[in-house]
Amino acid sequence: MRTRLYSALSGLLLAGSAAVLGVAPAAEAATGPGDVAEALKDGPVYVDPGAASRLSTSEAEALAKKIKDADKPLFVAVLPDTAQFPAATVLNTVRAETGITGLYAIRLGERFDAGADSSVLSQQTVRELTGAVKTGGPVDAATELNNFVDQALPQIRGHAPASWDTTGPAGSGSSSTGLIVLGSVLAAGGAGAYAVARRSRGKRIEREREALDRLRVVVDEDITAFGEELDRLDFHPAEAGADDAMRAEYERSLDAYEKAKSLMGAARRPDDVRGVTRALEDGRFSLAVLDARRRRLPLPERRSPCFFDPRHGPSTADAEWAPPAGVRRTVPVCAADAARLADGDDPMARTVQTASGPRPYWEAGPAYGPWAGGYFGGGLLPGLLVGTMLGSVMATPAYAADFGGDDTAGYGGGDYSGTGYDPGDFGGGGFGGGGDFGGGGF
């Protein structure tokens, strides 16, 4: 009796420790994709007992920590290539039964495939990533999975599911935390789903707050720059030669400046920034018209701001440009950037701070979508940003939910969607290795 009790307690503690480390505890004898799905709800990496020799415990723990530290909805399973896990359906089945939007990667024996919800990663990107890790011939599971994870994490949209949130920051925690997780797994139905949804909403609010803090730095710089432009203009309504049209434009520019400051002070979500940059864009056009009137020049037409940095003012021409490794497109540019491009030089791009240092705003992440949207509203922005990181993110329901829409805008990466997802919205590259073994018809 004492031996059986000790064994049971030891099993609980081992499972709890695995949960704390982010490795989904494996069943003693898995029966199929359903067991994999249940395990992935608790952690990002699952190694089936039948495939334990392919990925060691330490390798699985390191992989899980990498994913959890990145706070991304990436699920990894290492499975035996047996009838329990049919290659044609296993990827879709695991996704459906896990019920969480994300990127799913499966090492099936010696073969590999991945699939993702389009709100997390485009099907084209998934195909490119899976093709990249398969290039160069067979490798061991640890090498292949780490290569895939390292390349995928920077591109994944969304956040880790709330059901993984069983530790403190950076993977800290205790075995008691793991035991609590085991208890919560046993809790049924509606109460559990409600708790997951509530925690997911709380994490999203925190992400919005962090995004707004990053945006505030950039927008405050824009407001300051506009105020300095007003000072440099040195216009006085009563100066010699001033007329009512000039005074009206000056008044509009001042109103835009005050409106931008007021809206930024009241901003509570990233999407609130749209109104701020829209006001600044209006104000800069008024300054351009005022300057033309004072110098007795033809009035400028209303054009979008310079794509490379809206602080450059209204654009004066359209020019061909392509981001690194991207497709060429026509963008509105100021006179100075038009000259640089004509000379073969790089434009003076607006950079913002990121974790990897200063980057152009179109390569800096989803938080800058509302900022750009205010400057380049309407149907213009998607064409300008096609092929860039920001453009890819803005085309998804996840972006709308976190940065530009309401709570019902769609399931984002890491959100619980249940089994009622659209398989046509989930795509991968097909299992391959030693030949073409096509996976499911994604």
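## Cavity, cores and a covered helix

Helix 10 (residues 273-294) contributes the most to the lining of the largest cavity, giving three residues. The model is predicted. The volume of the largest cavity is about 40 Å³. How many cavities reach 30 Å³ or more? The count is one. Rolling a probe the size of a water molecule over the atoms shows where empty space is left.

Now the chain as a whole. The protein chain contains 15 helices and 10 strands. The table gives its overall values.

| Property of the protein chain | Value |
|---|---|
| Buried share of the 442 residues | 46% |
| Share of contacts with a separation of 6 or more that join residues 24 or more positions apart | 67% |
| Accessible surface | about 20300 Å² |
| Share of the accessible surface from carbon and sulfur atoms | 55% |

Next, the cores. In soluble globular proteins, nonpolar side chains tend to be buried together. Here the largest nonpolar core holds 46 residues. Its members that touch the most other members are V45, L74, V76, L79, L103 and F148. Which strand supplies the largest share of this core? Strand 3 (residues 74-79) does, with six residues.

L74 shows the packing in detail. Neighbours within four places in sequence are set aside here. Beyond them, L74 is in contact with P44, I67, L103, F148, V149, L153, I156 and W164. Two of these partners, L103 and F148, are also named among the core members with the most touching members.

Last, a helix under cover. Is helix 4 (residues 90-98) mostly covered or mostly open? Helix 4 is mostly covered, with seven of its nine residues buried. Those buried residues are V90, L91, N92, V94, R95, A96 and T98. The list includes R95, a charged residue by class. An α-helix has 3.6 residues a turn, so residues three or four places apart point the same way. Just after helix 4 comes G99, with a positive phi of about 75°.

Note on methods:
Residues numbered from 1 in each chain as written. Predicted model: local features only at pLDDT ≥ 70, side-chain atom pairs only at ≥ 80, totals over all residues. Heavy atoms only, no water. Helix = DSSP H or I, 4+ residues; strand = E, 2+ residues; numbered from the N terminus. Buried < 20%, exposed > 50% of the residue type's maximum accessible area, 1.4 Å probe, protein only. Contact = heavy atoms within 4.5 Å. Areas by Shrake-Rupley, 256 points an atom, 1.4 Å probe, with all protein chains shown as cover. 1 Å grid on protein atoms, 1.4 Å probe; cavity = no way out; pocket = protein on both sides within 12 Å on 5 of 7 lines; lining within 4 Å. Points joined across faces, edges and corners; volume = space filled by probe spheres on them. Core = buried A, V, L, I, M, F, W, Y, C linked by side-chain atoms within 4.5 Å.
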